[in-house]
Amino acid sequence: MKVLGIHIGHDSSAALVVDGRIVADVAEERFTRTKHYSGLPLASISYCLKSQGLTINDIDAVAIPTAASEPELNFLLDLKGARKEKKATAGRLLENVKELFNRPAAKAPLYIKNFPIKSSTEVIHVEHHLAHAASAYYTNPVREKQLIVTMDGIGDGVSNALWRGENGKIELLERFGRSTSIGWFYSNVTEALGWWHGDGEGKTMGLAPYGDASKAHGVLDKFYPKFAKGRVVQEHEFGRNYFWNESGALQWHFDEADEIKVVVDKYGREHVAAEAQRILEEQTQELVYSWMEKEGTRNLSCAGGIFLNVKLNQRIWELGRVTRQHIYPNAGDSGLAVGAALHVFYQHNPKVPIYPIEDLSWGPEYSDAEIEAALKLRNLPCRRVENIESYAAEQLARGKIVAWFQGRMESGPRALGNRSILMSANSAENKDIINARVKFRESFRPFCPSMLWEKRADYLENPRDEFFMVTSFTCPEPKRTKVPAVVHADNTLRPQTVKKEFNPRFWNLLQQFGNLSGEPLLLNTSFNIMGEPIVTHPREAIRCFYDNGLDALVLGHFVLEK
Ligand SMILES: [Fe+2]
């Protein structure tokens with residue numbers, strides 16, 4: 001059975017699940033080049049189908065990760081008659097766009113190539129948080145009963161939900177609405193610090209370890225809802241919020257951010273960030289642990305944008321009350337297309353096994369011939385190198401900054417060795433060099449390491465398999481000075497452990513770099529400049545290469561140097 005997931009909203013995306021396996025998944029921002037693009041995922045749908053040699057006629061069901069009507073589907077899928085989606089009532093769409101979608105015979109403008117589905121193809125809506133829950137549950141190899149927790153800003157009127165995952169099924173235990181949104185609270189603090197809602201939260205998290213929560217203790221008390229023992233004990237009225245479309249991406253503002261800004265100015269940015277992080281961790285624990293007890297399980301699966309917070313994930317893990325913790329790595333809304341598609345697939349095929357995810361390489365790839373053509377077209381010198389791993393390892397050992405473009409683009413916000421910028425982590429100043437010369441971003445922001453899976457116990461306290469950079473770990477004392485460029489202010493690392501069978505070329509590179517430098521670990525940051533999506537096509541890689549201080553670009557077997 002072939003299920004196409006389509007998410008339209010913040011981080012629009014499309015995904016394809018075939019016989020229980022995710023075979024394609026990409027966010028539309030990677031094609032439109034607008035971060036968090038929120039329009040129709042036309043290029044993503046087209047890519048998902050093409051990558052598997054399919055057309056829309058081959059699709060058995062379309063999964064939509066919202067309970068709400070999506071009038072855009074009328075012309076995206078050419079829906080007619082009883083299947084027609086109702087009028088847009090949500091204020092999400094701008095007035096003139098609403099008019100376009102709500103016409104009685106809504107039909108795609110002539111210049112949009114839409115995807116008319118056949119009459120036997122089902123269109124199934126999956127509630128927002130259920131789609132998040134499905135992304136976590138149907139990618140978790142653990143088959144015993146588990147608690148699934150989904151938390152985000154809001155989706156379909158829900159901000160936090162708890163689910164029981166058992167025998168291949170997901171069952172709702174409890175859900176909490178907008179007056180309980182810990183996600184909105186954290187985003188409001190982010191806005192007060194000067195960063196965007198639904199984008200800058202990672203910066204707040206990165207800033208927090210530089211502050212001292214006790215110096216701002218209690219100053220945010222009137223801005224967040226409170227949980228105790230799995231229940232809400234104090235709801236919070238978030239007041240007015242505003243949203244608008246900025247260059248194709250939805251943006252938000254809450255009046256409360258202005259009030260929090262006053263607190264930030266009084267008590268200091270770092271300290272308020274630290275206090276917000278403390279509250280996020282405290283409140284999430286109040287919600288999660290008692291439900292685990294109630295359910296009698298120590299297995300936990302998580303999804304929803306809140307679980308992109310690696311420090312929170314570390315805290316949950318370190319307290320030792322969880323035996324197995326699985327976080328769907330594309331935890332934000334760009335992971336909804338996958339979640340909805342998986343849910344629909346397993347509803348129809350409950351006996352099919354659930355497959356663990358080994359990598360997130362579900363995006364576009366380009367052959368050496370295509371790369372060579374792209375270079376020649378631009379009159380760029382093509383130098384082909386056969387042993388590309390040893391070439392890159394040598395450059396990196398000489399302190400060079402190398403962009404590494406290989407195979408299928410990763411799904412989700414992290415680069416995992418296919419669209420990565422790499423540098424030795426052996427010198428503390430490399431972090432500042434890469435922030436200043438390549439990423440053009442704030443100096444406090446930490447970088448993640450990729451390391452050989454076999455060596456993880458050298459770099460991580462209390463290690464476990466961590467393939468996707470979704471949890472931070474404390475770095476043992478002896479290694480802190482060996483790889484200082486990736487050790488954060490609180491002595492933690494946010495690692496990707498690389499298994500040879502999951503990404504042989506990247507594994508070889510790490511090993512060869514280890515032979516030359518003594519540390520089989522590299523600083524790995526996503527291949528983009530701050531504010532832009534990760535590069536998809538070689539042309540974007542080339543553009544990015546010449547727009548910053550990178551030393552070398554490795555595209556497949558081809559090399560460009562400055
Ligand atoms: Fe969400």
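A residue counts as buried when its relative accessible area is under 20%. By that cut-off, buried residues make up 61% of the 562 residues in this protein chain. The model is a predicted one.

Start with the overall build. The chain holds 18 helices and 24 strands. Its radius of gyration is 23 Å, close to the 24 Å that the globule rule gives for 562 residues, so the chain is as compact as a globular protein of that length. The C-alpha trace spans about 65 × 55 × 45 Å along its principal axes.

Next, look at how the chain meets itself.

The protein chain exposes about 21600 Å². Carbon and sulfur atoms supply 50% of that area. Charge comes next. There are 68 positive and 70 negative side chains. The centres of the two sets lie 2 Å apart.

Finally, zoom in on one helix, α2, which covers residues 42-51. Which of its residues are buried? They are Ser 44, Ile 45, Tyr 47, Cys 48 and Leu 49. What covers them? The cover includes three strands: β1 (2-7), β2 (13-18) and β3 (21-27). It also includes the helices α1 (29-32) and α3 (72-76). Follow the chain just past the end of α2 and you reach Gly 53. This glycine takes a positive phi of about 65°.

Notes:
Residues are numbered from 1 along each chain as its sequence is written. This is a predicted model: local features need pLDDT of at least 70, side-chain atom pairs count only at pLDDT 80 or more; totals for chains, interfaces and linings use all residues. Side-chain values use heavy atoms; hydrogens and water are left out. Helices (H or I, at least four residues) and strands (E, at least two) are DSSP runs, numbered from the N terminus. The radius of gyration is taken over C-alpha atoms; the globule rule is 2.2 Å times the number of residues to the power 0.38. Buried means under 20% relative accessible area, exposed over 50%, partly exposed in between (1.4 Å probe, protein chains only). Accessible areas come from the Shrake-Rupley method with a 1.4 Å probe; for residues, only the protein chains shown count as cover. Lys and Arg count as positive and Asp and Glu as negative; His and the chain ends are not counted. The place of a charge is taken as NZ of Lys, CZ of Arg, CG of Asp or CD of Glu. Contact means heavy atoms within 4.5 Å.
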